Amino acid sequence: MPETDVMPEPSLAAPPPAAGTGKPLSVTRLRKTYAGVTAVDEVSMEIAAGEFVTFLGASGSGKTTTLMMVAGFCEPDSGSIVVGGRDVTRLAPQKRGLGFVFQQYLLFPHMTVWDNVAFPLTLRGVSKADQRRRVGETLEMAGLSAMARRRPRELSGGQQQRVALCRALVYRPPVILMDEPLGALDKKLRDQLQTEIKRIQQELGLTVIYVTHDQEEALVLSDRIAVMRDGRIDQFDTPRELFERPRTPFVADFLGAANFLPGRLAEQTPQGTSVRLDTGGLITARPQALPDGTRVRAAIQPGRLALCPPHDGFCTGTVDSVTYVGTLVRVTVRPMSGADTELVRLELPSGRAPAVGERVGLTADPANVSVFTDAEDGE
Ligand SMILES: Nc1ncnc2c1ncn2[C@@H]1O[C@H](COP(=O)(O)OP(=O)(O)OP(=O)(O)O)[C@@H](O)[C@H]1O
């Protein structure tokens with residue numbers, strides 16, 4: 001977060017690209033180091049008009065630094081940023097034509113909600129009549145019409161954040177940047193505002209770049225997610241692709257809390273690639289171009305495993321624990337063979353819960369099983 005109480009203002013000189021077309025934002029080989037620490041390392045991405053893109057990663061992975069370089073609050077060591085076909089890499093934030101919403105709302109405390117939202121239009125000399133129409137429409141869309149005369153201190157945190165969102169929306173910037181905008185709110189309010197942000201984004205066809213470390217939030221909101229680690233993007237894909245085809249063990253683990261089952265590549269079959277697990281069983285994964293005998297880990301998310309009769313699946317074991325979590329049940333299974341094997345974690349509909357101590361088999365659709373070599377890092 002930049003230490004500033006001056007609201008960044010985009011310039012009217014930046015023409016928004018036609019809705020639903022073109023690439024409003026492209027970032028090429030962006031890099032930033034701080035005293036020998038590489039915060040962002042050659043990040044490149046292209047974002048299409050109307051896309052909701054999220055930077056997701058653990059603390060310190062470079063999400064905010066990347067966003068701040070796009071915003072113009074942090075100067076890159078190298079690389080370029082193009083917004084609506086214009087290279088803005090060396091431009092001041094207010095000249096980039098972007099909107100911002102941060103975790104701290106940065107509202108003007110002495111101004112009413114209406115005046116806070118009207119402020120960017122006043123700055124640009126928009127006529128009073130146009131201001132009335134645009135502010136009125138924007139407040140109504142966010143369900144704030146009844147609060148237009150209040151001051152920020154007379155609003156809840158969620159309402160203040162809605163006002164900050166309105167202020168960023170009112171001049172219709174081509175791209176809106178949001179850095180953990182819901183981070184200060186409780187879970188229930190966060191869920192509610194996520195739905196609202198998504199609705200507004202879709203209604204207006206906005207292009208949004210959003211930073212969060214919350215996987216669920218990223219999955220709910222995003223068309224595509226850039227999973228960041230150590231200043232780099234591990235994978236930039238749709239939520240579904242990230243789940244079903246994680247490219248690295250880190251992505252499989254970070255998004256899906258995958259089970260990693262060690263073994264050795266056995267053979268290619270028409271169904272996929274067979275892996276002989278260290279526990280003795282044979283599991284089939286998506287086809288792999290790797291030599292037989294390669295040491296690998298088969299990765300499967302807990303929600304993609306199913307129970308089957310003992311000895312029918314790739315693993316037979318004993319149910320170690322059963323925990324009800326709403327409509328789901330979390331189950332751990334201790335594989336029968338292999339002295340020091342890890343527990344396998346499953347998530348099942350609660351109606352299908354086994355009993356602790358029950359002998360069960362485990363099975364998985366090959367399409368849901370990824371394979372990573374031991375050389376692939378990311379643990
Ligand atoms: N102003 C700075 N001076 C020195 N190091 C910095 C500075 N800003 C960020 N860093 C370092 O750069 C790396 C990336 O930080 P960044 O804030 O971008 O991560 P992040 O993924 O947004 O984390 P968080 O979720 O905690 O905000 C970290 O190692 C951080 O310590």
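In this predicted model, strand β12 (residues 272–277) runs antiparallel to β13, and the two pair over four bridges. One place to look is Val 275, whose bridge partner in β13 is Ile 283.

Stepping back, these strands belong to an open sheet of five strands with antiparallel pairing, in the order β13-β12-β11-β14-β20. The edges are taken by β13 (282–285) and β20 (370–373); each has a single partner strand, so one side of each is left without a neighbour in the sheet. On average, neighbouring strands of this sheet are turned by 45 degrees against each other, direction ignored.

The sheet also has a helix packed on it: α8 (residues 249–256) touches β11 (259–269), β14 (295–300) and β20. The direction of α8 makes about 25 degrees with that of β14.

Now to a pair of helices. Helix α2 (residues 113–123) packs with helix α3 (residues 128–141) at an angle of about 130 degrees, and their axes lie 10 Å apart.

| Helix | Residues in the contact |
|---|---|
| α2 (residues 113–123) | Trp 114, Val 117, Ala 118, Leu 121, Thr 122 |
| α3 (residues 128–141) | Gln 131, Arg 134, Val 135, Thr 138, Leu 139 |

What kinds of residues make up the contact of α2 with α3? They divide into six nonpolar, three polar and one charged.

How values were computed
Residues numbered from 1 in each chain as written. Predicted model: local features only at pLDDT ≥ 70, side-chain atom pairs only at ≥ 80, totals over all residues. Axes fitted to C-alpha atoms, helices over the stretch in contact; angles between N-to-C directions. Contact = placed C-beta atoms within 7 Å. Nonpolar A, V, L, I, M, F, W, Y, C, P; charged D, E, K, R; others polar. Pairing = 2+ DSSP bridges.
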